[in-house]
Amino acid sequence: MDWDNILFYGVISFVVSLAIGFLNKGSSQPVQANSDGTVELHLPKIYQILGYTLLALGIIFVMSFWYFQEVELLIFGLIICLFCCALGIPLLLYYKNHIVKLDDECLEVSNWLGKSNKIQWSEIAQISFHPFKGYIKVQGLERKLLLHQHLVGLKTFLLKMEQHTKWRISDLKIPMP
C-alpha cells in the first residue's frame with residue numbers, strides 16, 4: 001500500500017471538507033440589523049486569507065527561482081506567479097468589494113469590482129440559484145444582481161426574500177444546513 005498517497009489525499013479531503021463546512025456555517029447564521037435597520041452581508045475572512053496566501057506563494061516562487069538564476073526556472077516561476085496572482089487578486093477583490101445591503105424596502109449589491117446596483121423588493125421579477133456558478137441571481141425589470149452563496153448571513157437575505165417576494169427558500173434549492 002502507498003501510505004503516503006493515502007495520507008496526502010486524506011489530509012486534502014479533510015481540509016476541503018473543513019473549509020466547506022466553515023463556509024456553510026457562516027452562510028446559515030442570521031446577521032443582526034444595524035441601528036438604521038439595514039443588514040450588511042460580507043464574504044468570510046477565508047477569502048482574504050486565501051488571496052494573500054496565493055499572492056505570497058507567487059512572489060516566493062519568483063524569488064526562489066530568481067535565486068537559482070536559471071532562465072527556465074525563472075520563466076517557470078513567473079508562470080506560477082501569474083497563475084497564483086490570477087487566483088489571489090479576484091479572491092481579495094471579492095472579499096473587499098462584494099457587499100450586500102438589504103432592508104425592508106430594497107436590496108443593494110456591490111460586485112467584486114465595487115460597482116453597486118440597487119433594486120426594490122417589489123421590482124424583483126425572478127430569483128434563481130446556480131449551483132455551479134455559486135450565485136443567487138436576482139433579476140428586476142432593468143437590472144440583474146448576483147449574490148455569492150458564501151456570504152456570511154445569507155440566511156438573513158433568504159428570510160427577507162421570503163418576507164418581501166413570492167419566492168421561497170425551498171424553491172431555490174440552496175444547499176444550506
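Predicted model: local features only at pLDDT ≥ 70, side-chain atom pairs only at ≥ 80, totals over all residues.
Residues are numbered from 1 along each chain as its sequence is written, and side-chain values use heavy atoms, with hydrogens and water left out. Helices (H or I, at least four residues) and strands (E, at least two) are DSSP runs, numbered from the N terminus.

- Helix α2 covers residues 46-68, and its 23 residues reach 33 Å from first C-alpha to last, close to the 33 Å expected at 1.5 Å a residue; the expected span is 1.5 Å times one less than the number of residues.
- Buried residues of α2 include Tyr 47, Leu 54, Leu 55, Val 62 and Phe 65, where buried means under 20% relative accessible area, exposed over 50% and partly exposed in between (1.4 Å probe, protein chains only).
- Two glycines, Gly 51 and Gly 58, are also buried in α2.
- The axes of α2 and α3 (residues 71-97) come within 7 Å and cross at roughly 165°; axes are lines fitted to C-alpha atoms, for helices over the stretch in contact, and angles run from 0 to 180 degrees between N-to-C directions.
- That angle makes α2 roughly antiparallel to α3, since angles over 145 degrees count as roughly antiparallel, under 35 as roughly parallel, 65 to 115 as roughly perpendicular and the rest as oblique.

**The four-stranded sheet**

- Four strands make an open antiparallel sheet in the order β1-β2-β3-β4; two strands pair if DSSP finds at least two bridges between them.
- Because β1 (39-41) and β4 (116-120) each have a single partner strand, they stand at the edges, and one side of each is left without a neighbour in the sheet.
- From one strand to the next, the twist averages 15°.
- Helix α4 (residues 154-164) packs on the sheet and touches β1, β2 and β3, its direction making about 130° with that of β1; contact means heavy atoms within 4.5 Å.
- Strand β2 (residues 99-102) pairs with β3 over four bridges in the antiparallel sense, and Val 100 has Val 109 in β3 as its bridge partner.
- Ser 110 lies in β3 (residues 106-110) and counts as buried because its relative accessibility is 14%.
- Leaving aside residues up to four places away in sequence, Ser 110 touches Asn 97, His 98, Ile 99, Lys 115 and Ser 116.

- Strand β5 (residues 126-130) runs antiparallel to β6, joined by five bridges, and Phe 129 stands opposite Ile 136 in β6.
- The hairpin of β5 and β6 has four residues between the strands, and Gly 134 takes a positive phi near 80° there.
- On to β7 (residues 144-148), β6 pairs in the antiparallel sense over five bridges; a hairpin of four residues joins the two, and Gln 139 stands opposite Lys 144 in β7.
- Four of the five residues of β6 are buried, so this strand is largely enclosed by the rest of the structure.

**Tyr 135**

- Tyr 135 is found in β6 (residues 135-139) and, at 16% relative accessibility, counts as buried.
- Beyond four places in sequence, the contacts of Tyr 135 include Tyr 94, Phe 129, His 130 and Leu 146.
- Tyr 135 and His 150 are 15 residues apart along the chain, with 8.8 Å between their C-alpha atoms.
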